[in-house]
Amino acid sequence: MLDINKVRADFPILSRTVNGKPLVYFDNGATSQKPQIVIDAISKYYQEINANIHRGVHTLSQLATDAYEISRGKLQNHINAKYAHEVIFTSGTTHGINAVANGFASLLKPGDEVLVSALEHHSNIVPWQMLCEKTGATLKVIPMNEKGELIMAEYDKLLSDKTKIVTVNHISNALGTVNPIKYMIDKAHEFGAAILIDGAQAVPHLKPDVQALDCDFYVFSGHKMCGPTGVGILYGKEDWLNKLPPYQGGGEMIKEVTFEKTTYADLPHKFEAGTPDVAGGIVLGTAVDYMNSIGFDNIQQQELELLEYATKRLLEIEGLKIFGTAKEKTSVISFNIEGIHPYDIGTIVDKLGIAVRTGHHCAQPIMNYFDVPGTIRASFSFYNTKEEIDIMVEAVKKAQLMLA
Ligand SMILES: *Cc1c(COP(=O)(O)O)cnc(C)c1O
């Protein structure tokens, strides 16, 4: 069991006030808060180690390189990748998806097909559209139902020998749906297609096992899992990463450069051009250690309780509708109140110290599906409490009264 007071004490920001009220932070789907141990690790790096990596023979450069590579190893263990060189440091999920989509430009031709799901974040739609524009391949969409679940019978029908890559999120940021990715991965492979999993919204809640999943690519950001902004991970199977051309050219990703020809460095450096976010990469390892010390079983148990409690309490409000009622979902609740614009509710509850997200959540196609301009999204983390949910419910009721 979580000692919630002890956990909350790890996050200094949770004791601040906003607009004169204690902060209630329910925008974890956008970014998580950071524990003191992560904040301290960032200053410690700059105070004691700061140097560029993989370059100098001097002591600090060696120390920084070692710390960076130790962190890569932690991430490898965390997601159970077979090799450390399959774990590429990126600036985040968006960077990881673009690197893969860009790589596929050399492999696709007109007539080929790319499948994306109807539940995607813009960053897992637009790079594939750009890829299709460049190559003449066709983008097809795996549809969803009223509950916000992908329709597997339709997925099966869309797959064919033309399918070259499938891309889907593990968990939807807008609705919280947990997608049946194991099924989708195995099905894609039956047709010889590659599959990328956008794990941005999954890694805050669970520990993905990329070998058990057998996915070809798995991408995520550090900042949604208690880590710093500016760093993330692209996992790719060795064969695929060897096959894809590098995304960016520059220092660190080369073996030999002449004006006639350049040969690329081995993995993972081939995909890590330029000076990376060294501090971010090292501290992402600290964040992963922190989350494992809390324990993903404890995290899931706490978040499930919060989801069930908040769902029940919110549905007490007349005219409130929840979008996304999948059987498998995480601690995200998207909702609207009849006759009131989500933005107006968000503004009023902010005055009461409550941070929720309002808008389309970078997933306009989902909003179009439900025919709404946006929703209010409350996304809970393991450090949130039922008392905070009570505060939000009262605030929403108050806003409803004011705006009705
Ligand atoms: C947040 C998010 C992204 C984008 O992550 P960045 O950190 O902004 O690159 C992509 N997909 C999903 C599902 C997300 O939740």
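## Salt bridges

The whole structure, a predicted model, contains 19 salt bridges, each being a side-chain nitrogen of Lys or Arg within 4 Å of a carboxyl oxygen of Asp or Glu. One of them joins the side chains of Arg 8 and Glu 388, with an N to O distance of 3.3 Å. Arg 8 belongs to helix H1 (residues 4-9) and Glu 388 to helix H14 (residues 386-403), so this pair ties together parts 380 residues apart in sequence. Helices are DSSP runs (H or I, at least four residues), numbered from the N terminus.

## Ligand shell

Thr 93, Thr 94, His 121, Ser 123, Asn 173, Asp 198, Ala 200, Gln 201, Ser 221, His 223 and Lys 224 surround the ligand; a residue counts here if one of its heavy atoms lies within 4 Å of the molecule. By class, the shell has one nonpolar, eight polar and two charged residues.

## Polar contacts and cover

Polar contacts are pairs of N or O atoms within 3.5 Å. A polar side-chain atom of Thr 94 is 2.5 Å from a ligand oxygen atom. For His 223, the distance from a side-chain N or O atom to an oxygen atom of the ligand is 2.7 Å, and a polar side-chain atom of Lys 224 lies 2.7 Å from a ligand oxygen atom. On its own the ligand has 380 Å² of accessible area (Shrake-Rupley method, 1.4 Å probe), of which the protein covers 86%.

## Basis

Local features need pLDDT of at least 70 and side-chain atom pairs pLDDT 80 or more, while totals for chains, interfaces and linings use all residues. Residues are numbered from 1 along each chain, and side-chain values use heavy atoms, without hydrogens and water.

Conventions. A polar contact is a pair of N or O atoms within 3.5 Å; within protein, one must be able to donate a hydrogen and the other to accept it, and residues adjacent in sequence count only if both atoms are side-chain atoms. Ala, Val, Leu, Ile, Met, Phe, Trp, Tyr, Cys and Pro count as nonpolar, Asp, Glu, Lys and Arg as charged, and the others, Gly among them, as polar. Helices (H or I, at least four residues) and strands (E, at least two) are DSSP runs, numbered from the N terminus.
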